[in-house]
Amino acid sequence: MTPSQRPIRRSLPWLLAGLSMIGPFSIDAVFPAFPLIGARFGVDSVGLQQMISVYLITYAAMSLFHGAISDAIGRKPVIVAGMLVYAVASAGAALSTSYGMLLTCRALQGMCAGAGLVVGRAVIRDSLSGAAAQQLMSRVMMIFSVAPVIAPIVGAQLLFLNGWHGIFWVLMGFTLMLAVALILFLDECHPPEARTPFHPSTLVRGYMEFGQDRQFWPLLISCSVNFAGLFLYISSAPRIVRDLLHLSAQGFPWLFLPVVAGLAGGALMSGRLAGRRSVVFTVNLGYGFMLAACAFHLLAALVSREPTLPWSMLPLVLHGIGIQLAFPTLTLLLLDRFPHRRGGASSVQAFASLTLCAFVAGVMSPLLSGHMLYLALGASLLTVIGWFSWRWYRAVTRRPLGAQHLGPTVETELQTEITEPR
C-alpha cells in the first residue's frame with residue numbers, strides 16, 4: 001500500500017496541530033511573566049532574554065538529531081518521550097527556586113520541544129503523499145500561525161491564576177495530555193524494516209559535505225536571516241509592549257496580530273504565485289516587501305520619537321508577507337542541492353535558523369530593544385544580508401533561474417519537508 005493509500009485516523013491532524021503549538025507557546029506565553037520572574041529572582045531585562053536564547057539553542061542543537069533517531073527507533077517513541085520529558089521540565093520550571101534552575105529547565109524544554117514538530121513532519125510524509133499531505137500540512141501550519149497570537153494572551157490570563165508558575169503548570173498539563181493522546185491514538189508509521197541504524201559520526205560527515213557546496217551557503221544564509229529580522233521584534237515584544245508602547249500585559253496582540261496577518265497573507269500569495277511566476281520574481285518580490293517594511297520602520301522611528309499605534313506596528317505585516325514569499329522558494333532551492341538527503345539539508349537549515357534566532361534573542365534584542373530606531377536598524381541589517389546572499393547565489397549559480405517554476409509536485413515536497421523556524 002502506498003503512503004497516499006494508507007488510511008489515517010481522524011485524530012492525526014489534531015495531534016499534529018497540538019505538537020505544532022508547543023514551540024510558539026514555549027516562547028510567547030512567558031513574555032507577560034517577564035516582570036514577575038525578574039522581580040522574583042532579581043534579574044534584569046538582559047538576563048530575562050536568556051530564557052528565550054537557551055531554549056532556542058538547545059532546540060536548534062537537538063533538531064539535528066530528532067529525525068535521525070526516529071529513523072532508527074520509530075516515530076512514536078521519539079515524540080512520546082519528548083513530550084513526557086518536556087512535561088517534567090515544565091514542572092521543574094514551575095518549582096524553580098533559582099534562576100539557574102529555571103534556565104536549566106528551559107534548556108531541557110528546548111531539547112524536547114522539537115521532537116514533536118520535526119518528527120511530526122516525518123509522520124505526515126510517511127502517512128500521506130501528494131495533495132493529501134499538502135492539505136494536512138496546511139491545516140497544521142494554520143494552527144502554527146495562530147499560536148503566537150494566542151500564546152501571550154493566554155500567558156497574561158494565567159498570571160491571575162498562579163503568577164508566572166501557572167504558565168509552566170499549564171504547559172506541563174498540556175504536554176501530559178498530549179502524550180497520553182499520542183500513546184492512544186498515534187499509529188507507528190515507520191515500520192522496523194524501513195529503519196536505519198543511527199550513527200552520529202556518519203551523520204556529522206554528511207552535514208560537513210553540505211558546507212563544501214558553493215551554492216549551499218548563500219541559500220542557507222538567506223533562509224536563516226530573513227526570519228531573524230522579524231524575530232528581532234518578536235523576541236523584543238516584552239520591552240516593545242511595556243516600555244516603548246506603555247501597554248499592559250493585555251497589549252501583546254498589537255505586535256503579534258500584524259505578524260500573523262503578514263505571514264498568513266504571504267503564504268496565500270506564495271501559493272497563488274507557485275507555477276505562475278519564476279523563482280527570481282517570487283524571491284525578489286519577497287525581498288521587495290521586506291525592504292519596504294524596513295524602510296517604513298526606519299521612517300516611523302525617525303519621524304516620531306515615541307512609537308505610535310497602529311503605525312509603528314503595521315510594517316510588520318509587510319515583513320511577514322515578504323518572508324512567506326521568499327522562504328519557501330529559497331528553501332526549495334536549498335533542498336534541491338541534495339535531492340537524496342533533503343531531510344539532512346532541512347535539519348541544517350533549521351539548526352542555522354534557530355541558532356541565529358537564539359543570538360538575536362540573547363544578544364541583539366537586549367542591545368537594541370530600548371528604541372524603535374535601533375530595532376529598525378538591526379532588522380534592516382539582517383534583511384540586507386539576506387538580500388546580498390540571494391544576489392550571491394544568483395552570481396554563483398550556473399543555470400538560468402528566470403525560467404524555473406515551482407511545479408505542484410515540488411510544492412508538495414516543500415510543504416512536507418521543511419518546518420517554519422519559530
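Colleague: Is the crossing of α6 and α9 left-handed or right-handed?
Modeller: Helices are DSSP runs of H or I with at least four residues, strands are runs of E with at least two, and both are numbered from the N terminus. A crossing counts as left-handed if the near helix is turned anticlockwise from the far one by less than a right angle, and as right-handed if clockwise. The crossing of α6 and α9 is left-handed.

Colleague: What pLDDT do local features need in this predicted model?
Modeller: Residues are numbered from 1 along each chain as its sequence is written, and side-chain values use heavy atoms, with hydrogens and water left out. This is a predicted model, in which totals for chains, interfaces and linings use all residues, side-chain atom pairs count only at pLDDT 80 or more, and local features need pLDDT of at least 70.

Colleague: At roughly what angle do the axes of α6 and α9 cross?
Modeller: Axes are lines fitted to C-alpha atoms, for helices over the stretch in contact, and angles run from 0 to 180 degrees between N-to-C directions. For α6 (residues 75-94) and α9 (residues 165-185), the axes come within 8 Å and cross at roughly 160 degrees.

Colleague: Is α6 roughly parallel or roughly antiparallel to α9?
Modeller: Angles under 35 degrees count as roughly parallel, 65 to 115 as roughly perpendicular, over 145 as roughly antiparallel and the rest as oblique. The crossing angle is roughly 160 degrees. Therefore α6 and α9 are roughly antiparallel.

Colleague: Is Ser389 buried or exposed?
Modeller: Ser389 sits in helix α17 (residues 372-396). Not counting residues up to four places away in sequence, Ser389 touches Pro218, Ile221 and Ser222. Buried means under 20% relative accessible area, exposed over 50%, and partly exposed in between, with a 1.4 Å probe and protein chains only. Because the relative accessible area of Ser389 is 6%, this residue is buried.

Colleague: At what angle do α11 and α17 pack?
Modeller: Two packed helices are described by the angle between their axes and the distance between the axes. For α11 (residues 216-235) and α17, the axes are 8 Å apart and the angle is about 165 degrees.

Colleague: Which residue forms a salt bridge with Arg239?
Modeller: A salt bridge is a side-chain nitrogen of Lys or Arg within 4 Å of a carboxyl oxygen of Asp or Glu, and the structure holds one. The closest N and O atoms of this pair are 3.6 Å apart. Both residues lie in helix α12 (residues 237-244), and being four residues apart, they are separated by about one helical turn. The partner of Arg239 is Asp243.

Colleague: What is the phi of His246?
Modeller: Most residues other than glycine have a negative phi. His246 is found in the loop between α12 and α13 (253-273), and is exposed, with a relative accessible area of 57%. Although His246 is not a glycine, its phi is positive, at about 60 degrees.

Colleague: What separates the C-alpha atoms of Arg305 and His371?
Modeller: Arg305 is in the loop between α14 (279-303) and α15 (315-335), and counts as exposed at 77% relative accessibility. Along the chain, Arg305 and His371 are 66 residues apart, but their C-alpha atoms are separated by 8.9 Å.

Colleague: How many of the residues of the protein count as buried?
Modeller: The secondary structure comes to 18 helices and zero strands. Among contacts between residues at least 6 apart in sequence, 86% join residues at least 24 apart. Of the 422 residues, the share that counts as buried is 57%.

Terms used. Contact means heavy atoms within 4.5 Å.
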